[in-house]
Amino acid sequence: MMDIFSAKSVVKKYDKYTALDDVSITVKKNSIFGLLGPNGAGKTSLIRIINQITGPDSGELFFNGERLQQKHIERIGYLPEERGLYKKMEVGEQALYLARLKGLSRQEATKRLKYWFEKFEITTWWNKKIEELSKGMQQKVQFIVTVLHEPELLILDEPFSGFDPINANLIKNEILELKQKGTSIIFSTHNMASVEELCDDIALINRSKKILEGSVKEIRKEYRTNTYKVEFTGNLIAFTNAIWTGCELLEKHTEGNVNIATVKLLNDATPNQLLQAIMPHVMVNGLHEIIPSMNDIFIAKVSDEKINIGSNFTE
Amino acid sequence: MNKILLIIQREYLTRVKKKSFIVMTILGPILMVGLVFAQFWIKMIPEEKQKIMVVDESQLFINKLESTANQSFTYSKNNLSFEQGNFYGTDYNVILYIPANIIDSQKIQIFYKKQPGLGMQDYINTIVSKKLEEMKLLASGIKLNQLESIKTKLNLTTTKIEKSGNLETKDNEVSMALGFIAGILIYIFIFLYGAQVMRGVIEEKTSRIVEVIISSVKPFELMMGKVVGIAMVGLTQFLLWILLSAVGTSLVGNYFIKNNVNANHMEETFKTNVPQKAAFKEMSGDKKAEIMDSFFNQVNMPVMLFSFLFYFLGGYLLYGALFAAVGSAVDNEADTQQFMLPLTIPLILSFTLAQNVMTNPESSLAFWLSIFPLTSPVIMMVRIPFGVPYIDLILSMLTLVAGFVGATWVSAKIYRTGILMYGKKSSYKELWKWLFYKA
């Protein structure tokens with residue numbers, strides 16, 4: 001499969017401050033690529049370079065195998081995190097204007113806008129001024145404007161901010177539908193749950209350097225910590241005594257008449273050994289491996305600590 | 001290129017369709033026409049006739065002060081204290097008291113019910129002293145016809161000898177008025193529409209639409225589209241004003257004539273209202289024709305019109321680009337002050353120095369101000385009606401073009417970085433750094 005976009009060894013400096021230090025990423029065609037990182041890591045700088053708003057100091061950029069050039073602008077759609085519309089302009093007129101700036105003809109833009117306005121059930125908004133709409137409504141218009149020219153590469157920076165859960169879900173489904181139709185998407189967010197749900201691959205940038213990349217599944221597997229959740233009925237003290245020195249009891253609690261314990265296997269201990277140790281003492285109802293969430297991995301990588309499963313706040 | 005046209009179109013249409021634009025376009029000429037005709041109106045209201053009671057103890061002025069349309073003199077046979085006591089029983093406005101020793105004391109006095117206007121005080125003072133002068137002259141043996149022949153009224157014309165040996169006579173007052181009006185129009189246009197460019201940029205920045213747009217077009221295209229679009233709004237407004245004013249003036253003029261208003265009187269009032277009213281009043285018909293003639297002959301109208309358009313647009317484009325840069329560097333209008341200063345100072349300076357240039361159009365100050373691009377649009381327009389060597393004009397136009405290109409280059413660099421900077425106050429040091437960021 002060919003790559004829709006790749007950046008090789010991109011460096012961007014502002015004065016003495018380095019925004020991007022030798023960052024390379026590859027976005028596969030027809031995939032959703034998560035661009036992750038804490039605030040100020042350099043994500044926006046990279047996105048602006050992809051959109052040719054700014055240029056890199058060094059490094060190479062490719063779009064669909066060709067060197068990235070001005071003409072590719074019309075094949076890229078961008079929903080910036082800092083977004084807005086002309087408040088005093090009418091919805092339809094404004095959408096037409098922005099679509100035509102992306103190279104659509106007036107007729108084509110009108111036709112496509114009608115389709116999207118009907119799809120989102122917002123046809124009555126056409127002659128309203130933007131300032132008359134709520135924030136969520138404005139975001140819907142903004143999303144339509146971003147995808148209207150049917151870009152091959154769609155860059156979405158925090159696309160769910162400002163939406164209520166119902167509309168967030170609507171947008172999520174639209175994103176998945178676009179992917180199915182063949183669009184490639186770069187998705188930047190701090191919401192790790194949505195990364196797990198949507199992204200195929202990710203790159204994690206911290207302090208202007210890329211510190212992690214790969215497919216979401218692989219990364220999560222790679223960062224497993226051999227931790228298991230055990231559900232059992234029986235005496236908790238008996239259970240604690242039973243797990244031998246190769247295990248560390250991280251947490252335990254009781255739900256109804258079932259006890260639940262989180263156990264980390266030390267050294268090369270296996271789940272089999274754990275079961276053998278506890279089975280004589282308690283009644284085992286279930287045993288699951290706990291795979292670290294992207295949230296756990298994000299925090300661990302960025303703060304340079306060990307994975308600390310499940311104890312962190314999830315957005 | 002197609003996209004820049006789209007931007008120009010949007011900037012133009014959204015502004016022209018605004019209510020405030022339509023209101024200002026209609027209200028502007030109404031105010032102007034109204035102002036002109038309000039003056040006519042006031043002039044045509046006959047002034048209240050002043051009745052003056054003269055108490056002349058010197059007996060020198062009896063029946064010598066002539067009554068006019070506005071003043072009538074009546075001579076009292078009673079003494080001052082009687083007339084003072086009787087004042088409110090009469091309909092006289094003032095009592096003019098001339099003491100017996102007027103020739104030595106040179107003092108006269110006015111008593112009034114209501115404070116008389118300065119004009120009337122002046123009038124009385126002038127005619128009494130004039131009469132007194134005549135009497136003194138006669139007393140010293142000079143006859144009236146001798147006096148008339150001594151009285152001298154000089155007529156000064158200024159003529160330039162050009163290098164070629166040609167002589168050129170100019171009427172400075174016409175040139176002054178013409179240049180000054182042109183300069184003021186440019187000054188107003190730059191301020192009015194330059195500020196609009198700045199506000200437009202700030203609006204795009206605060207509404208955060210700017211990043212959406214510059215992912216489709218280059219920042220330079222967005223900036224220039226805005227500057228040009230607003231220039232066209234300005235031109236539209238000026239053209240409409242001129243058109244509506246012309247139509248309005250002729251309509252109101254017709255109304256006045258239809259209503260049997262003395263057209264001559266109106267013309268007269270109009271003329272006394274132009275700045276050089278004294279000069280105009282005393283001019284014979286021939287002299288008036290001569291002025292109109294010299295107006296078209298001495299002022300090179302094609303050069304004047306072309307230069308006006310050139311400096312009008314050139315000056316605006318130069319300042320417009322700089323105003324756009326200022327707008328891009330701030331988050332809201334309140335923060336613009338520090339960056340506005342270097343723009344407003346040359347502009348206001350050129351306006352205030354225009355007076356100096358008018359009285360001294362060929363000084364070296366006038367020359368340098370009309371070459372420096374930030375002041376040349378206003379100053380050169382003031383100079384042109386006096387006649388400017390073509391070499392000066394070409395030099396000035398070239399520096400203005402160079403200034404415009406330079407300002408646009410600098411502005412584009414500041415703009416490009418500024419529009420994406422939020423939340424921190426920029427300093428000059430930072431703007432300087434932005435100039436060297438890579439695109």
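Tutor: Start with burial. A residue is buried if 20 or more other C-beta atoms lie within 10 Å of its own. Keep in mind that this is a predicted model.

Student: How many of the residues of chain A count as buried under that cut-off?

Tutor: Of its 315 residues, 36% count as buried. For chain B the share is 29% of 439 residues.

Student: Why is A:Asn30 called partly exposed?

Tutor: A:Asn30 has 16 other C-beta atoms within 10 Å. Buried needs 20 or more, and exposed needs 12 or fewer. The count of 16 lies in between, so A:Asn30 is partly exposed.

Student: And what makes B:Asn63 exposed?

Tutor: B:Asn63 has 9 other C-beta atoms within 10 Å. The limit for exposed is 12 or fewer, so B:Asn63 is exposed.

Student: Where do these two asparagines sit?

Tutor: A:Asn30 is in the loop between β2 (17–28) and β3 (32–36) of chain A. B:Asn63 is in the loop between β1 and β2 of chain B. Phi of A:Asn30 is positive, near 60°. Phi of B:Asn63 is also positive, near 60°. Neither residue is a glycine.

Student: Which residue with a positive phi follows α5(A)?

Tutor: That is A:Gly182, with phi near 115°.

Student: How do you know that the span of α5(A) is close to the expected value?

Tutor: Helix α5 (residues 165–180) of chain A has 16 residues. The expected span is 1.5 Å times one less than the number of residues. That expectation is given as 22 Å, and the helix reaches 22 Å from its first C-alpha to its last. The span is therefore close to what is expected.

Student: What makes β1(A) and β2(A) a pair?

Tutor: Pairing takes at least two bridges. Strand β1 (residues 3–14) of chain A is joined to β2(A) by 8 bridges, so the two strands pair. They run antiparallel. In β2(A), A:Leu20 is the bridge partner of A:Lys12. The two strands form a hairpin with 2 residues between them. A:Asp15 in the turn has a positive phi of about 55°.

Student: Which strands of chain B form an open sheet?

Tutor: They are β2-β1-β3-β4, in that order, with mixed pairing.

Student: Why are β2 and β4 of chain B said to stand at the edges?

Tutor: β2 (71–75) and β4 (109–112) of chain B each have a single partner strand, so one side of each is left without a neighbour in the sheet. Neighbouring strands are turned by 25° against each other on average, direction ignored.

Student: How many bridges join β1(B) to β2(B)?

Tutor: There are 5 bridges between β1 (residues 50–56) of chain B and β2(B). The threshold is at least two, so they pair. These strands run parallel. B:Met53 stands opposite B:Thr74 in β2(B).

Student: Which strands make the open antiparallel sheet of chain A in which β12 is at an edge?

Tutor: The order is β12-β13-β11-β14. From one strand to the next, the twist averages 20°. Strand β11 (residues 227–233) of chain A pairs with β14(A) over 6 bridges, in the antiparallel sense. A:Thr233 stands opposite A:Met283 in β14(A).

Student: Which helix packs on that sheet?

Tutor: Helix α9 (residues 271–278) of chain A does, touching β11, β12, β13 (258–265) and β14 of chain A. Its direction makes about 160° with that of β14(A).

Student: How is chain A divided into domains?

Tutor: Domain 1 covers 3–221 and domain 2 covers 225–289. Their centres, taken over C-alpha atoms, are 45 Å apart.

Student: How many residues does each chain bring to the contact between them?

Tutor: Chain B brings 19 residues and chain A brings 22 residues. On the side of chain B, α1 (2–16) and α8 (210–214) each give two or more residues. That side divides into 9 nonpolar, 4 polar and 6 charged residues.

Key:
Residues are numbered from 1 along each chain as its sequence is written. Chains are lettered from A and ligands numbered from 1 in the order in which they are written. This is a predicted model: local features need pLDDT of at least 70, side-chain atom pairs count only at pLDDT 80 or more; totals for chains, interfaces and linings use all residues. Two residues are in contact if their C-beta atoms, placed from the backbone, lie within 7 Å. Helices (H or I, at least four residues) and strands (E, at least two) are DSSP runs, numbered from the N terminus. Ala, Val, Leu, Ile, Met, Phe, Trp, Tyr, Cys and Pro count as nonpolar, Asp, Glu, Lys and Arg as charged, and the others, Gly among them, as polar. Axes are lines fitted to C-alpha atoms, for helices over the stretch in contact, and angles run from 0 to 180 degrees between N-to-C directions. Domain bounds come from an automatic or database domain assignment.
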